[in-house]
Amino acid sequence: MFHPENDSQFPGLSVNKGIERPPSVNPYLNNNRQFFRKNYSPAEYVEAIIKGNITLLSQAVTMVESSRYEHQQMAQEIIEKCLPYAGKSVRIGITGVPGAGKSTSIDAFGMHLIKDKGKKLAVLAIDPSSEKTKGSILGDKTRMEDLSREKDAFIRPSPAAGSLGGVARKTRETIILCEAAGFDTILVETVGVGQSETAVHSMVDFFLLIQLAGTGDELQGIKRGIMEMADGIIVNKADGDNISKSQLAASQFKSALHLFPMPDSGYLPKVLTYSGFYNLGIKEIWLMIEEYVSFTRANNYFESKRNSQSSYWMYESINEQLKTNFYQNKYVLENLKEKEMKVLKAEISSFVAAKQILDIYFDNRGKC
């Protein structure tokens, strides 16, 4: 390769000749061409997923998360074919404020399920995204050191960039794929206390709330909305000097639960203390979940809840598709910036601009 720095007009500058490129040890690479990944059909994906092929399961999940039209079409076909093999797992949502120890707890909890209970575990973590760059760290595996090395564990972080409803829909579809792959326990970790709780609560069988003690005002943890959604509450970091504080916090949460109406499940949520870091009280948490599942299966709430969730996600999918169709409409795209500029210049109000854009959409929706 010619380097202009070696020209005589640049005294003192030179680029030494590098070593020859060594031959590749990979027989699939030839003439610097990258390895060509085979294009599988939906039927081949489904067959591989049912057999527990993690590589093709990961590829299928990537297609579910993709915004490309052809990927979405293939993903929906794969999901439809996987439906008869899904629905046999226990789905558990895990939430708590940032720093409550969700990832550490999942690591300890998951190891107990795999080693002591012989379960196959899938962890779906919704990772918070930057509002500025839309990027996510996706570093949940680094905080689940033991679990990430287990062959019976599948950890999949997904970025929360964009519509929360869209992310939640993709997570629900990923659950179906994981169940078809033979994972009998699904853990869905939320981004933290906030809007995401409602979405995750609508796709799991058991909703677990992780709380902390000794952080100042324990009453901050007693929020009516999140407490009413919880099927079980666990107080983390109940170790060392924090044991008495954790027990006090647990008693406060128990008292608060008695102020709320009885849940539709008929099961009064329990409050337990544990230490995710030291693996203390992990078995008791799983026993609580097993008790809840047995109780709700017996009174048919388990199935009725899943049916309600399916109906809920049908309407959510309709809303998501309508929103996508609206913003992809070429007539909307042609007029959106113009209306936005008029709003910014105070020539028209936001509501008038919205109505005009909607009128354009409805008048031209059949022309696209």
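**Rings and charges**

Arginine 297 is placed over the face of phenylalanine 302, at a distance of 4.1 Å from the ring centre. The model is a predicted one, and the points below should be read with that in mind.

**Aromatic contacts**

- Phenylalanine 154 belongs to strand E3 (residues 153-159), while phenylalanine 183 is in the loop between H5 and strand E4 (185-189), so the pair ties together parts that lie 29 residues apart in sequence.
- Phenylalanine 154 has a relative accessibility of 5% and counts as buried, because the cut-off for buried is under 20%.
- Phenylalanine 183 is likewise buried, with a relative accessible area of 3%.
- Elsewhere, Phe206, Tyr267, Tyr292 and Phe295 are linked by ring pairs into a cluster.

- Strand E1 covers residues 90-96 and is mostly covered, since seven of its seven residues are buried.
- In a regular strand the side chains alternate between the two faces of the sheet.
- Both faces of E1 are covered, with Val90, Ile92, Ile94 and Gly96 buried on one side and Arg91, Gly93 and Thr95 buried on the other.
- E1 pairs with E4 in the parallel sense over five bridges, and within that pairing isoleucine 92 has leucine 187 of E4 as its bridge partner.
- E1 is also joined by five bridges to strand E5 (residues 206-211), and these two strands run parallel; here isoleucine 94 stands opposite leucine 208 in E5.

**Enclosed cavities**

- Rolling a probe the size of a water molecule over the atoms shows where empty space is left.
- There are two cavities of 30 Å³ or more.
- The largest cavity holds about 60 Å³ of space, and its lining is made up of Ile94, Ser105, Ile106, Phe109, Leu208, Ile210, Ile234, Tyr274, Ile282 and Ile285.
- Helix H4 (102-115), E5 and helix H9 (282-298) are the elements that give two or more residues to the lining of the largest cavity, and H4 has the largest share with three residues.
- By class, the lining of the largest cavity divides into nine nonpolar residues, one polar residue and no charged residue.
- The second largest cavity holds about 40 Å³ and is lined by Glu65, Leu124, Ala125, Ile126, Arg156, Ser158, Thr171 and Thr174.
- Strand E2 (121-127), E3 and H5 each supply at least two residues of the lining of the second largest cavity, with E2 giving the most, namely three residues.
- The lining of the second largest cavity divides into three nonpolar, three polar and two charged residues.

**The second largest pocket**

- The second largest pocket contains about 500 Å³ of space, and it is lined by 21 residues, of which Ile79, Leu83, Arg172, Ile176 and Ser310 lie nearest its centre.
- Helix H3 (69-82), helix H5 (164-180) and helix H10 (301-328) are the elements that give two or more residues to the lining of this pocket.
- H10 provides the largest share of that lining, with eight residues.
- In terms of class, the lining of the second largest pocket has seven nonpolar, six polar and eight charged residues.

**Backbone positions with positive phi**

- Most residues other than glycine have a negative phi.
- Lysine 237, although not a glycine, has a positive phi of about 65°; this residue is in the loop between strand E6 (232-235) and helix H8 (243-257).
- Lysine 237 is partly exposed, its relative accessible area being 36%.
- Alanine 346, which is not a glycine, has a positive phi of about 65°, and is found in the loop between helix H11 (330-344) and helix H12 (350-364).
- Alanine 346 counts as exposed, with a relative accessible area of 66%, because the cut-off for exposed is over 50%.

Notes: Residues are numbered from 1 along each chain as its sequence is written. This is a predicted model: local features need pLDDT of at least 70, side-chain atom pairs count only at pLDDT 80 or more; totals for chains, interfaces and linings use all residues. Side-chain values use heavy atoms; hydrogens and water are left out. On a 1 Å grid over the protein atoms alone, a cavity is a set of points where a 1.4 Å probe fits but cannot get out, and a pocket is an open set with protein on both sides within 12 Å along at least five of seven lines; lining residues have an atom within 4 Å of a point. Grid points are joined across faces, edges and corners, and a volume is the space filled by probe spheres set on the points. Helices (H or I, at least four residues) and strands (E, at least two) are DSSP runs, numbered from the N terminus. Ala, Val, Leu, Ile, Met, Phe, Trp, Tyr, Cys and Pro count as nonpolar, Asp, Glu, Lys and Arg as charged, and the others, Gly among them, as polar. Buried means under 20% relative accessible area, exposed over 50%, partly exposed in between (1.4 Å probe, protein chains only). Rings of Phe, Tyr and Trp (its six-membered ring) pair if their centres lie within 6.5 Å; planes under 30 degrees apart count as stacked, over 60 as edge-to-face and the rest as tilted. A charge sits over a ring if NZ of Lys or CZ of Arg is within 6 Å of the ring centre and within 35 degrees of the ring normal. Two strands pair if DSSP finds at least two bridges between them.
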